[in-house]
Amino acid sequence: MMKSNYLNRILLAALVLTTSIFMSCGEDEPNEPEVLVPKVDGAYVFGSNTIATTALEPNAKMSLATLNPAKSGGAENVDGYFGKLMYIGANSTLQISYVEGEEATTYGVEGAASVTNGLELDFTDIDADIIHGTLVADGDPITIADEGLYKLFVDISTESFRMMKVEINVIGDATPGQWTESTAIPMKSATAEGTTFEATDLGLFGAAGYKIRFNQGYELYNDGVIATIDYLGVADYQAAWDAGENDLVYMDVNLPNIETGLFTYTLAFNASTGEWDETKEKTGTLENDYSAVEIGWFGNAYKIDGAEPTGQWETVHMVKTPERDGNLYNWKWTVELIADRAFVLRDPYGTIWITYGGAGKVGSAFDDELIIQEDGQDNYWVQTAGTYDVTFTINSEDDGRTLTIEPSAGGDDLSAKEYGIFGNAYFVEGTTEGAWDAIHFAKTPEKDGDIYSWTWELELIEGRSFVFRESPDGEWVTFGGANHTGAAFDDEQIIKEDGQDNYFVATGGDYVITFTINSLDQGRTLNIEPAQ
């Protein structure tokens, strides 16, 4: 019994000593836990409520940033620039570690990161909030308030970063806003495994292309040397069209949309593979309102009022909105075309182009090869000059586009129309001046094809004004009622009267005046030249 009690006292003493040793060692440990980092060179991102809690986890590894080769000297990646798409939960914190030669640095920021709209930052065109700042060794963790999918970009050479919450939008010919206004695809769900964006009743036009963008813009970073690519396309438009589905990649090639309609559109990001997938489930038909859409002529194959316009291949001419007939919207012209020249139709803003392959072709001008495709281009080529009736049609139900061209039967007969001069800027006979009480020098025109011309040689009185009128009691042709050509207008010898829509004689003298009407389109032109 005594031997047993003695043994118990020895064991108790040993336990007390051991406990004392451990407690003493614990007092020497640091208060903050040590940040563990891998030994493999590279960049790592980790934190609370996100894809990895430590840099040692596989999901923490960042890849080299995906670049646009066309803007990055042909490179798809460059050492030192890192990127990652990653889920971040609400009220999270992040840190970034960089390992080089088994030497690791763990970064944060000083205080808090900055948040700035991308359009106010250098080297980006993103119209959305950008979280950015300078990386500081052993700095404070970067705080993120909102849950979502984020794009992170790190430039380790400058120890800087920028990131944005990804908000998806689509833009292009296939979308309601064309290339001028994007359409948002709202986020449906977000987890560490993947993120889904979805829009219901999204209107898309068939036989047209589009891009999928991360926010309003195309580049989170572009310093003129390297540029990230922050949108999705396909590798080959025609191959995607033929396959009937789009294999999404980071490329500057539009995605084709085959069918017009309303769709439930779903875009999904798989975090484990880094791949994107889209699905479109048709839910209804799309009927777009084209009433306000302007279409005109672009090229050098046409005349306006018998003369070639200025700004060929620079300016859209003869622009108009359509006439509506049920589901059909029709833009109509009667136009004089020039042989061995080319043209297309388009809107003034360059968002809608109707090239040779962009519309169905109807009419004898195509059947008889009076108008063909330009060799090596997708323009319309005029083989046979002449006057043509042209109708461009869009079917709002299926967005089908048709161009109908027929040789014109000719314009209205204006041979009997009389026009004269009205005002007080000329002499009626001798020294008798005209007055605002009668139409003078009324005459019928000379005809040259579809162009009717009225010509006068008159002495005009300086400081007086005039207009043209159809006799006896018809149309008034004021300053704003006709196109103006000739040296008298170019040299401002004849100008618009101040406060009135009359022609004002700034410099008196003898002039040759020619007023013309194109009977095909009723275009009016006034040419005034000083008499020789």
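Residues are numbered from 1 along each chain as its sequence is written, and side-chain values use heavy atoms, with hydrogens and water left out. Because the model is predicted, local features need pLDDT of at least 70 and side-chain atom pairs count only at pLDDT 80 or more, while totals for chains, interfaces and linings use all residues.

**Exercise 1. The largest pocket**

Find out which residues line the largest pocket and lie nearest its centre.

Step 1. Start with the term: on a 1 Å grid over the protein atoms alone, where a 1.4 Å probe is used, a pocket is an open set of points with protein on both sides within 12 Å along at least five of seven lines, and lining residues have an atom within 4 Å of a point.

Step 2. The lining has 24 residues, and Ser63, Lys84, Leu85, Phe269 and Gly274 lie nearest the centre. Two elements give two or more residues to this lining: strand S2 (63–64) and strand S3 (81–100). Strands here are DSSP runs of E with at least two residues, numbered from the N terminus. S3 provides the largest share, five residues.

Step 3. Sort the lining by class: twelve residues are nonpolar, eight polar and four charged. In this scheme Asp, Glu, Lys and Arg are charged, Ala, Val, Leu, Ile, Met, Phe, Trp, Tyr, Cys and Pro are nonpolar, and the others, Gly among them, are polar.

**Exercise 2. Strand S20**

Step 1. Look for pairing, which takes at least two DSSP bridges between two strands. S20 is joined by two bridges to the antiparallel strand S22 (residues 317–320), where Ile295 stands opposite Lys320.

Step 2. With strand S25 (residues 342–346), S20 pairs over four bridges, again in the antiparallel sense. Phe298 has Val344 of S25 as its bridge partner.
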